[in-house]
Amino acid sequence: MITVGELTKVTSLFYFVPGVTSLFDYLFFGNTLGLNTFMGLIFIFIGSYFINFNPKNV
């Protein structure tokens, strides 16, 4: 993706790392997830969708 020139799409995927880490923490270690975590995950998914959505392909 970087060689094609879609650097913004690549960097948007890095925002998933803390969210996925917190989900793994919940699933594997049983730590609780707060409201802030869920709200952050929702904002990350919505923002990533808008960055990676291409209306030309629809």
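Helix axes are taken here as lines fitted to C-alpha atoms, for helices over the stretch in contact, and the angles between N-to-C directions run from 0 to 180 degrees. With that convention, helix α2 (residues 16–29) and α3 pack at an angle of about 140°, their axes lying 10 Å apart. That angle makes α2 oblique to α3, since angles under 35 degrees count as roughly parallel, over 145 as roughly antiparallel, 65 to 115 as roughly perpendicular and the rest as oblique.

The model is a predicted one, in which local features need pLDDT of at least 70 and side-chain atom pairs count only at pLDDT 80 or more, while totals for chains, interfaces and linings use all residues. Residues are numbered from 1 along each chain as its sequence is written, and side-chain values use heavy atoms, with hydrogens and water left out.

The secondary structure of the protein comes to three helices and zero strands, and from the N terminus on the elements run α-α-α; helices (H or I, at least four residues) and strands (E, at least two) are DSSP runs, numbered from the N terminus.

G19, found in helix α2, counts as buried at 6% relative accessibility, where buried means under 20% relative accessible area, exposed over 50%, and partly exposed in between (1.4 Å probe, protein chains only). G19 and G40 are 21 residues apart in sequence, yet 7.8 Å apart in space, C-alpha to C-alpha. F16, also found in helix α2, is partly exposed, with a relative accessible area of 21%, and its C-alpha lies 8.1 Å from that of L41, a residue 25 positions away in sequence.

The protein exposes about 4,900 Å², of which carbon and sulfur atoms supply 71%, the areas coming from the Shrake-Rupley method with a 1.4 Å probe, and for residues only the protein chains shown count as cover. L35, M39, I42, F43, I46, Y49, F50 and F53 form a nonpolar patch on this surface, with about 870 Å² of accessible area together. Patches are made of residues with over 30% relative accessible area and no salt bridge, like charges being joined within 9 Å and nonpolar side chains (Val, Leu, Ile, Met, Phe, Trp, Tyr) within 5 Å; a salt bridge is a side-chain nitrogen of Lys or Arg within 4 Å of a carboxyl oxygen of Asp or Glu. One of the patch residues, F53, is found in the segment after α3 (35–52), and F53 is partly exposed, with a relative accessible area of 36%.
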